[in-house]
Amino acid sequence: MIRHQRTTPPDAAAPARATFRSGFVALSGRPNVGKSTLLNRLVGSKVSIVSPIAQTTRMIVRAVARTLDSEVIYLDTPGVHKPQFRMNREMVRLARAALAEVDLVGLMIEGPEGFGPGDAYVLRLLQEARTPAYLIINKIDALGRKALLPLMAEAAKRHAWDEIFPVSALSGEGCDELTAAIRRRIPEGGPLFPEDFLSDLPERLALGELIREQVLLRTREEIPHSTAVMVEDLQRNAKGEVRVGATVFVDRDSQKGILIGRGGEMLKAIGSAARQAMASSLGTPVHLSLWVKVKKNWRDDPAVLRLLGIVTTE
Ligand SMILES: Nc1nc2c(ncn2[C@@H]2O[C@H](COP(=O)(O)OP(=O)(O)OP(=O)(O)O)[C@@H](O)[C@H]2O)c(=O)[nH]1
Ligand SMILES: [Mg+2]
């Protein structure tokens with residue numbers, strides 16, 4: 001579990017507050033539209049990994065954004081796609097279930113791509129779930145101004161959105177307006193989590209994700225999708241330094257060779273970048289040992305998927 005570092009003292013001297021509101025908001029949509037990027041921005045901390053590879057996020061991650069009078073629990077969800085393996089079926093199942101579990105859905109599309117056939121399917125799922133929804137048109141930094149109005153008009157025809165927000169999760173443009181509207185829309189109610197609680201992602205999974213992020217950023221074709229990371233060893237010494245031992249699983253022998261690279265260069269680069277990311281996330285020096293193992297068909301193996309935190313049922 002990841003916790004917020006407390007930066008401000010509890011403000012006993014604050015003026016009388018408006019009604020406190022708290023609620024759950026799912027960030028949903030096709031792969032790669034920027035759900036995880038937006039989640040990290042809205043909670044002000046890097047909780048979910050981000051990459052240009054579709055299907056980066058494999059499980060639901062809940063993370064909290066607080067103000068004096070609100071607590072919003074955002075759910076990052078896997079992108080909805082046509083599932084090929086057991087892992088992907090589970091990812092889509094989780095994404096679908098999240099639509100019905102929350103007070104509000106933030107359905108995301110990416111502005112430059114507009115609506116595609118995949119969005120029509122997500123919209124059907126949303127309509128089945130009957131949850132109120134904001135449409136979030138992301139990546140407006142990469143969208144010509146002239147293209148926005150026709151896209152908003154098209155969006156209004158497709159669904160009875162509560163509101164539509166053009167944003168850039170990357171630059172932050174439009175995000176304040178979005179969060180203010182989200183806080184207005186969630187129900188009245190007290191805080192649900194302790195003040196220093198940031199995310200429900202267990203520490204081992206979070207560290208494994210930082211390793212997987214480096215694999216995604218450095219490999220191509222089928223390798224990103226064929227890779228899983230398991231943190232098998234996690235220890236702290238008396239000085240607070242952390243020792244991490246992890247295995248990167250791939251599907252085939254040829255992929256193992258590519259991940260290790262000539263003279264071990266690729267694995268060294270992945271390990272070094274991941275170690276730095278872990279050190280900055282934990283705020284302490286990290287020693288990382290990485291192994292690569294072939295585990296054929298792991299994406300269809302329920303035992304592996306359970307260990308990875310992807311399969312949560314059965
Ligand atoms: N230009 C631009 N790129 C963005 C923006 N938001 C996200 N991206 C990029 O889009 C890519 C995908 O971002 P993610 O946040 O991983 O997307 P996702 O929807 O979580 O993807 P999945 O987890 O695969 O479903 C990354 O390369 C991001 O840097 C944005 O506002 N503008
Ligand atoms: Mg994601």
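This is a predicted model: local features need pLDDT of at least 70, side-chain atom pairs count only at pLDDT 80 or more; totals for chains, interfaces and linings use all residues.
Residues are numbered from 1 along each chain as written, and ligands are numbered from 1 in the order written. Local features need pLDDT of at least 70, side-chain atom pairs need pLDDT 80 or more, and hydrogens and water are left out.

**Exercise 1.** Find the protein donors of the magnesium ion (ligand 2).

*Solution.* Look for N, O and S atoms within 2.8 Å of the metal (3.2 Å for Na, K and Ca). Ser 36 (OG) and Thr 57 (OG1) qualify, at 2.0 to 2.1 Å. Ser 36 sits in helix 1 (residues 35–43), and Thr 57 in the loop between helix 1 and strand 3 (61–67). Water is not among the atoms, so the site may look incomplete.

**Exercise 2.** Describe how helix 1 packs against helix 5 (residues 175–185).

*Solution.* Take the axes, lines fitted to C-alpha atoms over the stretch in contact, with angles from 0 to 180 degrees between N-to-C directions. They come within 11 Å and cross at roughly 75 degrees. The two helices are therefore roughly perpendicular (65 to 115 degrees). Now list contacts (heavy atoms within 4.5 Å). Leu 38, Arg 41 and Leu 42 of helix 1 meet Cys 175, Leu 178 and Thr 179 of helix 5.

**Exercise 3.** List the residues that Leu 135 touches beyond four places away in sequence.

*Solution.* Apply the contact cut-off. Leu 135 touches Leu 107, Ile 109, Phe 115, Ala 155, Trp 161, Glu 163, Ile 164 and Phe 165.

Terms used:
Helices (H or I, at least four residues) and strands (E, at least two) are DSSP runs, numbered from the N terminus. Angles under 35 degrees count as roughly parallel, over 145 as roughly antiparallel, 65 to 115 as roughly perpendicular and the rest as oblique.
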